[in-house]
Amino acid sequence: MSDSGSGSATSADEILDIVDENDRVIGQAPRGEAYARGLRHRCVFVLARDAEDRIFVHRRTPTKLVFPSLYDMFVGGVVGAGETYDDAALREAEEELGVAGLPRPSHLFTFLYNDGGNGTWWSAVYEVRCELEVRPQAEEVAWHAFLPEDEVRRRLGTWEWVPDGLAAYERLRAYRAGRGVGGDR
């Protein structure tokens, strides 16, 4: 699960809303406990494109709590307790890109991601145009570039990607092709 935060005690202590299979809040728990117990929570995935329509791609640092050193074509992370998906998408995009003043990301769809073992999380997928100079946080991003989408697709089979981001990207491609995304709302 694409987390924002470097794995410090602060990020593990962040309070998340715990939700049911219909995305209704049923409780709250610290992020570390939610991860450890596989409690269903909420995440946002924001595809950032530059003025030339290239996609922001990055490799996570080796110190990340979840999926260290893997590539991702989304910025994003968990939705905090009481926070809306829309507010989390803007917050996470600005934090991870290292910018201020982004336009509000556009919500495309939401789906229930299943990691195949430890848990599921509701995943809201967004897109935003970023024409600002990005300055990603060094503790979160080891490498970054804006790549043409055909280059991203070529790299799908050669780079190791975060699994939930890859699932969101595959669903995004199906969504754009008019095939729906399965389990979405």
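Let me begin with what I mean by an aromatic pair: rings of Phe, Tyr and Trp, the last taken by its six-membered ring, are paired if their centres lie within 6.5 Å. Please keep in mind that the model we are looking at is a predicted one.

With that rule, Tyr71, Trp143, Trp159 and Trp161 come together as one aromatic cluster, and the count of aromatic pairs comes to ten. One of them is formed by Phe56 and Phe146, whose ring centres are 5.5 Å apart and whose planes stand at 65°, an edge-to-face arrangement. This pair links distant parts of the chain, since Phe56 sits in strand β4, residues 55-60, while Phe146 sits in strand β9, residues 141-147, and the two residues are 90 apart. Both Phe56 and Phe146 are buried.

Let me finish with the cysteines. How many disulfides does a search of the whole structure find? The search finds zero. As for where two of the cysteines lie, Cys43 counts as buried because its relative accessibility is 1%, and Cys130 counts as buried because its value is 2%.

Note on methods
Residues are numbered from 1 along each chain as its sequence is written. This is a predicted model: local features need pLDDT of at least 70, side-chain atom pairs count only at pLDDT 80 or more; totals for chains, interfaces and linings use all residues. Side-chain values use heavy atoms; hydrogens and water are left out. Rings of Phe, Tyr and Trp (its six-membered ring) pair if their centres lie within 6.5 Å; planes under 30 degrees apart count as stacked, over 60 as edge-to-face and the rest as tilted. Helices (H or I, at least four residues) and strands (E, at least two) are DSSP runs, numbered from the N terminus. Buried means under 20% relative accessible area, exposed over 50%, partly exposed in between (1.4 Å probe, protein chains only). A disulfide is a pair of cysteine sulfur atoms within 2.5 Å.
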